[in-house]
Amino acid sequence: MSTPASDVRTNYLNANYSVRSWLLTTDHKRIAILYLVSISAFFAIGGALAGMLRLALLTPHGDLVQAETYNKLFTMHGITMIFFFLIPSIPAVLGNFLVPIMVGARDLAFPRINLLSWYVYTLGGAFTLVAAVTGGVDTGWTFYTPYSSTYANTNVILTALGVFITGFSSILTGLNFVVTIHKMRAPGLTWNRLPLFIWAHYATSLIMLLGTPVIAITILLVALERGLGIGIFDPNLGGDPVLFQHLFWFYSHPAVYIMILPSMGVMSELVACFSRKRIFGYNFVAFSSVAIAVLGFLVWGHHMFVSSQSMYAGMIFSLLSFLVAIPSAIKVFNWTATMYKGSIALQTPMLYAFGFIGLFTIGGLTGIFLATLAVDVHVHDTYFVVAHFHYIMVGGAIMGYLGGLHFWWPKITGKLYSEVWGRIAAVTLFLGFNLTFFPQFVLGFLGMPRRYHVYPPEFQFLNVMSSAGATVLGLGYLLPILYLTWSLFFGKAAGPNPWGATGLEWQTPSPPPTFNFDKTPVVAEEAYAYDSPLEGHRV
Amino acid sequence: MSDHIPQVAHQFEDATQQYETATLGMWAFLITEIMFFGGLFAGFFVYILAHAQAFAEGSRHLDLTLGTINTVVLLGSSLTMALAVRSAQEGNRNGQMLFLVLTILLGLAFLGIKGVEYAHKFEQHLVPGPQFRLEGPHAQSAQLFFSFYFAMTGVHALHMVIGVGLLAWLLVNAWRGRYTPAYFTPVEVCGLYWHFVDVVWIFLFPTLYLVARHA
Amino acid sequence: MTHPTVPLRLYVGIFVGLILLTGLTVGIAFFDLGGGRLHAVNAIAAITIAITKALLVVLYFMHIRYSNRLTWVFAGAGVFWLLILIVLTLADYLSRGWLPLPRPWSS
């Protein structure tokens, strides 16, 4: 089969060059690109804020910024990274691009709602940016009452509205994915033939639908309480700040599964392709995705062990938190088993996959420590927690995002990036990440509290290590921006299937045409048919 | 003017897939609404445990007559909405328009009565905030009840306003003859939304108005 | 492709049932059915009637009775998740004081 000259034929990128055709597009692939631009911008902002934090923490005294400013910095870092980068990242970019193609459809179920979701996201982001530049907010990304609802003097309402609005973007994306996966699969594409990327996005979308509305109403109540002076969480009126925590964490815990499940979906694709093997235990991995989504709704109280929640509830939430770790562990075992006796290729996406598996395991295991009541009393609100979630969010979610971005870059852009630079960046990122966050486990265990702009001088060495690591980590993020952008202009043209991977997306040209398929494909095979002699040719 | 060929969007194979996908999509949206209102109900249930007497007192200050009338009005609007969908399904253009108009009128009546209730609350100094005044030992916690009353009925009323807007859009299209037995998906889907807003009220009414009427 | 049209009589019948149930719930609200401080029996009665009314609307006006199983699952999932939120949150508040807390280090 000859390689079609992808830069000559009409594809979704060159079909129309006008700005209007981009801003009014209903093509899921273009919307994915719009999201890629927006979330990259927010990632840069969130990263700059992190840089400021690590700079401030080089010295034990608060000599770079004042306490109030420091509070605003970590609050904005958390809000930006969680709501405007991590939660949309993989679903809005890779999910939007790939879900229709992977199920063999011409577009998502509701293309105009897809475009609306991007505008809603941008509007919410605009609100939050305005809030940031006109004074910022200092409540922590968790907005705990009564500080946020009564006593804070910062732009709580504006930020809360920004997050509220952006939440609808998440809801609309999840709605689109769930309905698309149910109703628009190509003939022959039964549930157990779907790529695990789709299963992961299905599970993620369930969480987006069922969880996001709760934080929406909760944040609205905080804004109302603050703006209109009515009491909802105000203890003076018999209100209960812990009720806020219940409602907040009912979403915000499942939210962390929104952030990690898509990354796990990417992992399945990468590990299968770069081991040239079917995923070991496909059914287990698929059901684990849904199990994580469901169980993830039953554990939120583990954020409230020391908040005056009843001990009885604490014990139940602790036990359920142990249980939710099991499906994640099953996935790690299955990816590892996939690699056993596989034909491993160490290209950039696979390096990110290895990084993910190791770092996610560490992050996940430290989550078990935190779920243990007695240990949590000791390390709650210390850097141990900070290290735990950064291992999962950065070592896990972001590695998956970058791995997926590299893997599907040729498909999305029609260009090949430089493998040499890709590997250098992946290794740099891995080393920088560990240097940044491993010392924080030690710091937390030794008792350094989080969200403090000063610390005892004996912790300085570890903090300096962490800040040094942050510099390397920053370099690791900068490199892909440079060589991926370079590849857009000077990269070699990619054929339809440079990796020799299975999956419907690799049977379209790179970049794909606007409506994905000339004829609706008919699927007759299981996913990851790498051992079939006809599949997996590098083209 | 009248369109006998069902309009099928490009991403769908046929009209059936489009219809099933649209209704499933609306149901997916409705479950997000269940969770949205659910947060408010969860908060209310937590507080009524701790402040049973205050909440009972607050509830007794609500106008049960207007609340009951509103319940009947909204249930009636659900009937007319269901009949509007039925008319569209049968290709009855006059029936569609009649029942849509009735639904809109009943919806506006509900909102009007709600407005009257709100005005009364304002006059009685029962709006939470610095103007709030209530006699008795439970004033502080009763204010909490009214915060929830206004938040829950306010969010519900907002959904009604959106619903009336959707119905007006349907009415214009029905007048243009766009809905036929082969394509009445928007009417069905907006109907689902309207009925859901009614279901929320079915739970709001006893929760807020019937806490302890016998005392 | 879609469900058959629901008979007019059925719609009107459901509506009449809804009105009767509304009258019932308002009527019994004026009687103290017991249940202590929280008037639990009244509350359960009111909730039961509300659930019945909601079921009538959902099954007949919203056509769930004539829809496929997937729609049932979606609707049911929404209700189930709402119950998770309410039940687990209340589990905290209701169980406070069930277990003895450790005595303070110093009194």
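**A helix pair in chain B**

H3(B) and H6(B) are roughly antiparallel to each other, because an angle over 145 degrees counts as such and their axes cross at roughly 160 degrees. This is a predicted model. Select the two helices and look at the crossing: the axes come within 10 Å, and the crossing of H3(B) and H6(B) is left-handed.

Next, show the side chains where the two helices meet. On H3(B), the contact residues include Leu64(B), Gly67(B), Thr71(B), Leu74(B) and Leu75(B), with Ser78(B), Met81(B) and Val85(B) also among them. On H6(B), select Val187(B), Glu188(B), Gly191(B), Trp194(B), His195(B), Asp198(B), Trp201(B), Phe205(B) and Tyr209(B). Coloured by class, the contact of H3(B) with H6(B) has 13 nonpolar, five polar and two charged residues.

**From chain B to chain C**

Now bring chain C into view. Here 39 residues of chain B are in contact with 40 residues of chain C. On the chain B side, the elements that give two or more residues are helix H1 (15–50), helix H3 (64–90) and helix H6 (185–209). Select H1(B) next: 16 residues, the largest share of this side, come from it. By class, the side of chain B that touches chain C has 27 nonpolar, eight polar and four charged residues.

**Chain C**

Finally, colour chain C by domain. The assignment gives domain 1 (1–66) and domain 2 (68–97). The C-alpha centres of these two domains of chain C lie 20 Å apart.

Key. Residues numbered from 1 in each chain as written. Chains lettered and ligands numbered in written order. Predicted model: local features only at pLDDT ≥ 70, side-chain atom pairs only at ≥ 80, totals over all residues. Contact = placed C-beta atoms within 7 Å. Helix = DSSP H or I, 4+ residues; strand = E, 2+ residues; numbered from the N terminus. Nonpolar A, V, L, I, M, F, W, Y, C, P; charged D, E, K, R; others polar. Domains from an automatic or database assignment. Axes fitted to C-alpha atoms, helices over the stretch in contact; angles between N-to-C directions. Parallel < 35°, antiparallel > 145°, perpendicular 65-115°, else oblique. Left-handed = near helix turned anticlockwise from the far one by under 90°.
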